[in-house]
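Keep the sequence and the coordinates open as you go.

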Amino acid sequence: MSKVLIIGAGGVGGVVTHKCAQLPEVFSEIVLASRTEEKCKAIAAQLDRPIKTAKVDADNVAELTALLEQEKPDLVINVALPYQDLTIMDACLAAGVDYLDTANYEPLDTAKFEYKWQWAYQDKFKEAGLTALLGSGFDPGATNVFTAYIAKHYFDEIHELDIIDVNGGDHGYPFATNFNPEINIREVTAECRHWENGEFVETPAMSKKATFTCPEEVGTYNIYRMYHEELESLTKNFPTLKRAQFWMSFGDSYLKH
């Protein structure tokens, strides 16, 4: 059993906290921290087991390090904003704590998702005897696992890869996102990049549209090609790929809101 410190109390932070709380045999202690501790307390009140909450500024390495040294967690789960990945990684190095996140770093003023800033930390974590597991959400995360699984068990080589993310729900709102809306908007407005014959090719955002019919009677959806960070790690780790694309579905009400 171990102690986990979760940083971030938004929609994703709430889901992660609930999931960790469901596994007392894995996470014997949980600390939920955010710039706004009231959000942490609201999530804590929804749980069937007690957890600890704390206030922390994820942009402040010294403040983060002090909290980690005080709480001494075995693992930090970072579900704050992507702009804050590096400060949290710095604090984990300073306090000697393993690190996990769900989305890669991007600069505050540029909608540009790239792994290079975090990959530059590999030697630092290795020398410290620590683990940093990046992009462990659904996409990236589960999509990487699915690709690795089929590469290991089903194919000799993979030459073409299409990742299709379809949201089949309907909440009735004209515009709503299932994670931070600012990050969502930055994703869909950023220049598209896809992998073609050994290099990334750039095209205007949302400029390629297709339709996709999901299995099990989920339905047929409009999908749009866009850049997503797992394309960078997948093309690096699966060099046989000749083309790799990421697609996401959007309704007209969302796109035109």
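The exercises below use a predicted model.

**Exercise 1.** Decide whether Ser 34 is buried or exposed, and find what it contacts.

*Solution.* Start with location. Ser 34 lies in strand 2, residues 27–34. Next, take its relative accessibility, 12%. The cut-off for buried is under 20%. Ser 34 therefore counts as buried. Last, set aside neighbours within four places in sequence. Ser 34 then contacts Ala 9, Cys 40, Ala 54, Lys 55 and Val 56.

**Exercise 2.** Identify the buried residues of helix 2 and explain why they share a side.

*Solution.* Helix 2 spans residues 37–44, and Cys 40, Ile 43 and Ala 44 are buried there. Around the axis they cover an arc of only 100 degrees, so they sit on the same side of helix 2. Now look for the cover. It includes helix 1 (11–21), strand 2 and strand 3 (52–55).

**Exercise 3.** Describe the largest nonpolar core, then follow Ile 88.

*Solution.* Count first: this core has 24 residues. Leu 5, Val 76, Ile 88 and Cys 92 have the most contacts inside it. Strand 1 (2–7), strand 2, helix 3 (61–71) and helix 4 (85–95) each give two or more residues. Helix 4 supplies the largest share, 5 residues. A second, separate core has 21 residues, including Leu 161, Ile 183, Met 226 and Tyr 254. Finally, ignore residues up to four places away in sequence. Ile 88 touches Ile 7, Ala 58, Leu 64, Val 76, Asn 78, Ala 80 and Tyr 99.

Technical notes. Residues numbered from 1 in each chain as written. Predicted model: local features only at pLDDT ≥ 70, side-chain atom pairs only at ≥ 80, totals over all residues. Heavy atoms only, no water. Helix = DSSP H or I, 4+ residues; strand = E, 2+ residues; numbered from the N terminus. Buried < 20%, exposed > 50% of the residue type's maximum accessible area, 1.4 Å probe, protein only. Contact = heavy atoms within 4.5 Å. Arc of directions from axis to C-beta. Core = buried A, V, L, I, M, F, W, Y, C linked by side-chain atoms within 4.5 Å.
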